[in-house]
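Let's take a walk through this model together. Have the viewer open and click along as we go.

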Amino acid sequence: MFELISRVLKYVFILIIYLFIFRIIRLMYLDIKTMDKKGSSLDAAYLKVVNRLDSLNFKMQESYILGAKTTIGRSSRCDIPIKDKFVSKVHIRITEDNGLYFIEDLNSANGTFLNGEPIDDIVELRDGDKIGVGFIQFIFVDNRG
């Protein structure tokens with residue numbers, strides 16, 4: 001009787017291990033598949049959120065494509081709304097002019113940081129720049145080149 005139970009438990013355990021490995025491989029495949037889609041479709045300038053999205057108490061996308069004029073702030077009227085209490089209603093504006101992108105702080109209460117330095121004027125963005133708004137960190141990515 002003990003041998004029968006032992007053999008059944010052995011096969012159940014092996015089945016559980018195979019299911020676990022299958023799910024890991026499936027998750028890896030889906031992750032690689034979504035990375036490939038993003039890489040091919042984002043031939044534009046965009047902001048990538050650096051923060052771990054699951055650690056935020058509000059919802060955000062992983063990335064945001066920039067238009068000719070993009071506003072970021074707490075207001076739902078902004079192009080990129082951030083429901084962070086340290087972000088002003090309309091915190092910053094990113095503008096494209098002749099193929100270049102510029103960032104401007106709109107007199108926000110807590111300021112905007114570019115590569116760790118506070119900005120108080122209109123500044124040109126370069127690929128890889130880090131933008132700090134409240135608790136959110138973005139990386140400016142320019143894939144147009």
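This is a predicted model: local features need pLDDT of at least 70, side-chain atom pairs count only at pLDDT 80 or more; totals for chains, interfaces and linings use all residues.

Residues are numbered from 1 along each chain as its sequence is written, and side-chain values use heavy atoms, with hydrogens and water left out.

Start with helix H1, which covers residues 2-41 and holds leucine 9; helices (H or I, at least four residues) and strands (E, at least two) are DSSP runs, numbered from the N terminus. Leucine 9 is exposed, at 54% relative accessible area. For burial words, buried means under 20% relative accessible area, exposed over 50%, and partly exposed in between (1.4 Å probe, protein chains only). Leucine 9 belongs to a nonpolar surface patch with Met1, Leu4, Ile5, Val8, Val12 and Ile16, and together they have about 720 Å² of accessible area. Patches are made of residues with over 30% relative accessible area and no salt bridge, with like charges joined within 9 Å and nonpolar side chains (Val, Leu, Ile, Met, Phe, Trp, Tyr) within 5 Å. The areas come from the Shrake-Rupley method with a 1.4 Å probe, and for residues only the protein chains shown count as cover.

Also in H1 is leucine 19, partly exposed at 48%. From its C-alpha to that of leucine 56, 37 residues apart along the chain, the separation is 31 Å.

Now for the charges. How many salt bridges does a search of the whole structure find? It turns up two, a salt bridge being a side-chain nitrogen of Lys or Arg within 4 Å of a carboxyl oxygen of Asp or Glu. One joins arginine 93 and glutamate 104, at 3.3 Å from N to O. Arginine 93 sits in strand E5 (residues 92-97) and glutamate 104 in strand E6 (residues 100-105), so this pair ties together parts that are 11 residues apart in sequence. Both ends are partly exposed: arginine 93 has a relative accessible area of 26%, and glutamate 104 has 24%.

Glutamate 124 and arginine 126 make a salt bridge too, at 3.4 Å from N to O. Here glutamate 124 is partly exposed at 28%, whereas arginine 126 is exposed at 52%.

Next, look at aspartate 129, in the loop between strand E9 (123-124) and strand E10 (130-133).

Leaving aside neighbours within four places in sequence, it is in contact (heavy atoms within 4.5 Å) with residues including Leu114, Asn115, Glu124 and Phe138.

Asparagine 115 lies in the loop between E7 and strand E8 (117-118) and is partly exposed at 43%. Its phi is positive, about 55°, although it is not a glycine. Asparagine 107 likewise has a positive phi of about 55° without being a glycine. You'll find asparagine 107 in the loop between E6 and strand E7 (112-114), exposed at 76%.
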